[in-house]
Amino acid sequence: MKQITNVNIWDLDGTVINSFHRVQPCLDKAGNLDLNRYLSEACKHELIVQDSLLPLVELMRRQMDAPNTINYIVTARTMFKSDYYFLRKQGLRGRNKDNIQVFSRDTIHKFAPLSDVKHIYNSRDADYKAFYFDHIIRLHGREGVNYTMYDDHKGVLEKAREYGFNAVDATQLNEMLSIGIKLASEQFLDETIQDDLDIDYLNQRLSFAWQQLTEEEQDYYSVKYPKLAQAM
Ligand SMILES: [Mg+2]
């Protein structure tokens, strides 16, 4: 078994997958998923396959090939066949024999005593995800292991920080990466869309975007991302 020094925990919706069109109507004011509404309205196959990817997915893919690194998906979703189909189709699961483990609301019973399942299932996102933080820490320990959570939910990021994890605000980072893509596509008009999938090129554009920001803006992002340079 490989020595694990980096554990990455990935949220899906709003972090690496743009499912805004079907999930957004199911969020409450604090950004928590209304599970009943989500299950009845948002989980239809024809809607799931309309989801698209966010720029951060390239970092996720790169991390899937990184040495001494293990990746987990911890999502507020209840995962159905269509959800797994989408992940496989996008190379986010079952890739290079790296069958990235998915922790979701429907897998709680595998790791929690029966008497706790209902309570955890109905918890707000941050407390629900904390259940899986505990589980993942039990798997890998604390000694010499660096944990990083990628999420777009402020409460989850706060919880991750409480656990001593690096907490990467996916909304901000996707915005940064999008600025890079936009500026770079204006700069290099002859480049094809295909290059969006190239990590080195993406990084070039990110660094290009970074150089276009004012010192004030750089400062703003630096405060939010003390770990950005390391993560990228
Ligand atoms: Mg999310």
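**Close-up views of a predicted model**

**View 1. The largest nonpolar core.** The largest nonpolar core holds 44 residues, and Val-16, Leu-56, Met-60 and Met-149 have the most contacts inside it. A nonpolar core is a set of buried Ala, Val, Leu, Ile, Met, Phe, Trp, Tyr and Cys residues joined through C-beta atoms within 7 Å. Buried means 20 or more other C-beta atoms within 10 Å of a residue's own, with C-beta atoms placed from the backbone. Helix H7 (residues 125–140) gives the most to this core, six residues; helices are DSSP runs of H or I with at least four residues, strands are E runs of at least two, both numbered from the N terminus. Domain 1 (6–168) and domain 2 (173–231) each supply at least three core residues, with bounds from an automatic or database domain assignment.

This is a predicted model: local features need pLDDT of at least 70, side-chain atom pairs count only at pLDDT 80 or more, and totals for chains, interfaces and linings use all residues. Residues are numbered from 1 along each chain as its sequence is written.

**View 2. Around Met-149.** Leaving out residues up to four places away in sequence, Met-149 touches Ile-9, Val-156, Leu-157, Ala-160, Phe-165, Ala-167 and Val-168. Contact means C-beta atoms, placed from the backbone, within 7 Å.

**View 3. The five-stranded sheet.** The open sheet runs E5-E4-E1-E6-E7, with parallel pairing. Strands pair if DSSP finds at least two bridges between them. Strand E5 (101–103) and strand E7 (166–169) are the edges, each pairing on one side only.

**View 4. Strands E1 and E4.** Five bridges join strand E1 (residues 6–10) to the parallel strand E4 (residues 69–74). Ile-9 has Tyr-72 of E4 as its bridge partner.

Conventions. Buried ≥ 20, exposed ≤ 12 C-beta atoms within 10 Å, placed from the backbone. Contact = placed C-beta atoms within 7 Å.
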